[in-house]
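I opened this entry to keep a record of what I looked up in the structure, item by item. The model goes in first, and my notes follow.

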Amino acid sequence: MADLVPQFLVNWVDWGMGIFNSLPAWLQYLTITTWKILFVMIAVILIVAFSTYFERKVIGSMQARVGPNRVGPLGLGQPFADVIKLLIKEVVVPSQSSKFLFVIAPLLSLTPALAAWAVIPLNDWYVIADINAGLLYVLALTSVGVYGVILAGWATNSKYALLGAMRSAAQIVAYEIAMGFALVGVLMAGGSLNLGEIVMAQEGGVSHWFLIPLLPLFVVYWVSGVAETNRAPFDVAEGESEIVAGFHVEYSGVAFAVFFLAEYANMVLISTLTAIFFLGGWASPFEGWTFLNDIPWLAWLTAGGLHWLFTKMCMFMYTFFWFRATFPRYRYDQIMRLGWKIFIPVTIIWIGVEGVMAWFQVGPWSGLGA
């Protein structure tokens with residue numbers, strides 16, 4: 001195999017590694033971290049772009065339609081055509097708006113969704129910042145996104161946009177509390193705020209995943225995540241029949257595109273976090289099935305890695321699309337009742353149940369007395 005690699009390429013790699021090894025330690029760390037950030041950001045942006053394509057394909061299939069099929073082979077160029085269209089459209093800034101806040105609001109929605117990836121472990125060694133308080137970091141950043149929504153509605157000086165922002169902010173706050181309580185249960189089961197350690201606490205196969213002992217919290221967290229991203233059937237902020245297009249009604253061109261990008265980036269983030277907290281993250285569901293190692297083309301199934309995290313994330317992304325094609329939009333009072341009167345009490349009760357499980361050393365706590 002080594003003979004197939006051109007000699008100039010080998011020399012180029014050796015030359016680059018020589019320069020890298022001659023750098024100070026702090027500069028080597030900075031270089032590696034920069035490349036990690038670039039890889040994650042490019043991957044997330046590409047996933048977001050093609051999520052729009054696959055959503056239209058999935059919903060089209062469910063509704064017996066074709067979906068995008070004109071731009072590029074199989075319509076795969078459609079996301080790029082959409083980006084180009086939005087980039088060349090004029091950005092209209094209302095004359096009576098607060099112009100600085102009008103511009104900064106979309107960035108406040110997108111930046112937290114991207115910054116949260118700094119602590120997301122893609123496998124057992126690839127994480128940009130392996131901090132011990134990763135769970136708190138994620139909670140803090142996901143809570144910041146509501147400021148972008150509020151400012152977008154207020155800065156435009158439009159009553160319709162402000163009404164949409166207030167509805168959306170109240171919904172986000174309600175379900176943010178339920179998500180926070182659900183993650184308290186994950187913290188109790190994992191015994192750490194570090195996301196990598198939470199994943200490692202679930203190694204050993206499906207029976208060790210937190211999905212089973214924390215099933216009510218999983219349902220609350222996942223449904224709350226759908227509500228947090230303003231996706232159907234919780235998309236009251238964009239109830240066109242009621243309040244035009246919600247908080248971003250005055251946005252156009254690339255400013256609207258940033259809100260659009262933030263929504264899908266949050267979908268990818270919520271899907272990945274759900275996989276990490278409840279489905280073992282990068283861990284393989286077939287871990288411990290040693291007989292698969294004797295079959296060469298199935299041995300990879302038992303090994304954990306990025307491919308399993310990506311597969312679980314895609315499964316949850318598909319569920320987002322499925323919900324949109326299936327369920328009608330809830331009334332606003334129904335959404336608030338679900339968040340405040342059902343989800344929050346359920347999470348509090350199950351945290352108490354977890355305390356009892358920990359006392360009797362069952363479930364994730366079964367080995368504590370050994």
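Is Arg231 buried or exposed? I found Arg231 buried, because its relative accessible area is 2%, where buried means under 20% relative accessible area, exposed over 50% and partly exposed in between, with a 1.4 Å probe and protein chains only.

Ground rules. I am working with a predicted model, in which local features need pLDDT of at least 70 and side-chain atom pairs count only at pLDDT 80 or more, while totals for chains, interfaces and linings use all residues. Residues are numbered from 1 along each chain as its sequence is written, and side-chain values use heavy atoms, with hydrogens and water left out.

Salt bridges. I searched the whole structure and got 7 salt bridges, each being a side-chain nitrogen of Lys or Arg within 4 Å of a carboxyl oxygen of Asp or Glu. Arg231 pairs with Glu263, and the closest N and O atoms are 2.9 Å apart. This pair links distant parts of the chain, with Arg231 in the loop between helix H8 (215-228) and helix H9 (240-243) and Glu263 in helix H10, 32 residues apart; helices here are DSSP runs (H or I, at least four residues), numbered from the N terminus. I noted that Glu263 is buried too, with a relative accessible area of 15%.

I then looked at Glu55 and Arg324, whose side chains meet in a salt bridge at 2.8 Å, N to O. Glu55 belongs to helix H2 and Arg324 to helix H11 (residues 306-326), so this pair ties together parts that are 269 residues apart in sequence. Glu55 counts as buried at 2% relative accessibility, whereas Arg324 counts as partly exposed at 44%.

A further bridge joins the side chains of Asp235 and Arg329 (3.1 Å, N to O). Asp235 sits in the loop between H8 and H9 and Arg329 in the loop between H11 and helix H12 (332-359), so the parts tied together are 94 residues apart in sequence. Asp235 is buried at 13% relative accessible area, and Arg329 is partly exposed at 31%. I also recorded that Glu55, Arg231, Glu263 and Arg324 are joined into one network by salt bridges that share partners.

Helix packing. Which angle do the axes of H2 and H10 make where they cross? The axes of helix H2 (residues 25-62) and H10 come within 9 Å and cross at roughly 90 degrees, the axes being lines fitted to C-alpha atoms over the stretch in contact, with angles from 0 to 180 degrees between N-to-C directions. H2 is therefore roughly perpendicular to H10, a label for angles of 65 to 115 degrees. On the H2 side the contact (heavy atoms within 4.5 Å) is made by Ile47, Val48, Ser51, Thr52 and Glu55, and on the H10 side by Phe260, Leu261, Tyr264, Ala265 and Val268.

I checked Thr274 as well, which is found in helix H10 (residues 253-278) and is buried, with a relative accessible area of 0%. Leaving out residues up to four places away in sequence, Thr274 touches Phe218, Tyr221, Trp222, Leu279 and Phe316.

Surface. Leu87, in helix H3, is exposed at 53% relative accessible area.

How values were computed
Helix = DSSP H or I, 4+ residues; strand = E, 2+ residues; numbered from the N terminus. Parallel < 35°, antiparallel > 145°, perpendicular 65-115°, else oblique.
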